[in-house]
Amino acid sequence: MYNFDKTVIRRNSNCMKWDETELQDIIPLWVADMDFEAAPAIREALQRRIDHGVFGYSFVPETYYDAIISWFESRHQWEIKREWIQYTTGVVPAISAVLKALTMPGERVLVLTPVYNCFFSSIRNNGCEVLESKLKVVNCEDSLCTYEVDWADFEAKCAEEKTTVFLLCNPHNPAGRVWTHEELQQMNDICQKHQVRIVSDEIHCELIMPGYKYIPFGTIVPSTEKSSNGNKPISSENLSGERLLPVICTSPSKSFNTAGLQIANIICADAETRRRIDRAININEICDVNPFGPVALEAAYNESESWIEELNQYLWENYQALLTFFAEQLPQLKVFRLEGTYLVWVDITALGLSADELEEKLLRDAHVWVNSGSMYGAEGFIRINIATQRARLTEGLSRIAKSLNGKSQ
């Protein structure tokens with residue numbers, strides 16, 4: 001058993017989440033990292049590396065690739081070949097390098113909004129245009145709100161001549177969706193039809209709530225190519241025609257709370273695409289990693305599966321506590337279903353405030369920091385990070401309710 005209730009003091013550790021503000025009694029429920037210690041196996045592996053005492057230039061060993069291949073095959077039934085993997089410093093740098101490799105300035109990159117804010121900057125920084133297909137809100141009257149793809153709009157956007165890449169978030173931040181096999185299949189079939197390349201950010205892939213299942217996009221094949229072997233991945237060596245293989249970006253950083261160690265992977269079965277991505281990685285100068293990232297990845301994937309299982313259960317219980325609190329104290333707000341990630345999406349339109357105004361109000365009056373939905377391309381929403389100790393989450397929610405219900409702190 002792991003103690004996720006253990007209080008960890010992160011103040012004065014140069015922590016972005018805690019030290020970006022001078023407010024000493026802040027409860028930060030914003031940026032996507034967790035207030036939990038990393039898994040014991042990770043900490044022990046890093047300590048052994050620190051004890052060595054020399055931290056010069058490092059390379060990634062074969063055991064690193066073995067850990068990735070074994071983890072995704074055993075946990076997610078995704079068979080990855082060694083040569084498909086390219087490492088880099090983070091998923092955002094990976095996305096930027098992939099877009100540089102696959103697009104020309106002036107082309108359009110399609111996203112499903114609301115979506116992770118760095119998608120917008122990565123697209124624009126590569127000289128491309130952001131093309132939004134807005135997700136549809138459903139089920140708000142009968143159950144927890146959630147999102148669906150507007151398939152007619154999605155296909156119409158894919159059909160536009162300038163659309164060359166679809167940038168997906170799987171699982172989706174901030175919507176909390178874990179896309180089903182059927183949804184991913186439909187995305188893939190539409191993109192194949194219109195020759196739109198798929199790039200999938202799967203950084204949250206281990207943060208899956210009970211009753212849901214993460215499907216790697218690398219296991220999806222076009223409906224027309226299914227065989228008696230089912231959805232077995234097809235490599236570039238046995239392709240015919242113009243099928244475009246997806247590019248998947250992964251990292252243990254979100255799931256195992258190791259973002260500061262800066263390690264991520266780009267996985268693609270197509271050799272020519274990998275060659276272009278390798279060139280972009282070197283142009284962007286994100287080809288070197290520090291001595292600690294690979295060590296942490298191996299310890300996470302080889303020794304920390306039980307930790308991630310208990311973490312997900314704790315996060316689910318945090319979410320249930322949040323649902324109960326909102327139903328009792330803030331029933332005017334609509335909470336979205338959390339299928340994956342630890343980021344809860346909330347509709348605040350009943351308050352008559354913009355998302356930016358509410359973020360500012362809660363920070364000023366309640367000393368609670370949440371994210372405005374405007375940064376994800378959606379007004380009228382906020383995002384709440386529940387990856388903290390339950391007592392701290394409860395205190396943060398209580399402060400929010402007092403502020404919104406007009407009670408003094």
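Start with the largest pocket of this predicted model, which holds about 1,200 Å³ of space. A pocket here is an open set of points on a 1 Å grid over the protein atoms alone, where a 1.4 Å probe fits, with protein on both sides within 12 Å along at least five of seven lines; its volume is the space filled by probe spheres set on the points, joined across faces, edges and corners.

Select A32, D33, K254, A259 and G260: of the 48 lining residues (an atom within 4 Å of a point), these are the closest to the centre of the largest pocket. Next, colour α2 (40–52), α4 (91–102), α5 (117–125) and α8 (253–256), the elements that each give two or more residues to this lining. Helices are DSSP runs of H or I with at least four residues, strands runs of E with at least two, numbered from the N terminus.

Stay on α8 and pick S253, which lies in that helix. S253 is buried, because its relative accessibility is 10% and buried means under 20% (1.4 Å probe, protein chains only). Leaving out residues up to four places away in sequence, S253 touches I203, T258 and A259, with contact meaning heavy atoms within 4.5 Å.

Now move to the second largest pocket, with about 160 Å³ of space. Among its lining residues are C140, C145, F326 and K334. Select α11 (305–329) and β11 (334–335), which each supply at least two lining residues; α11 gives the most, with 3.

Residues are numbered from 1 along each chain as its sequence is written. Local features need pLDDT of at least 70 and side-chain atom pairs 80 or more, while totals for chains, interfaces and linings use all residues, and side-chain values use heavy atoms, without hydrogens and water.

Technical notes. Buried means under 20% relative accessible area, exposed over 50%, partly exposed in between (1.4 Å probe, protein chains only).
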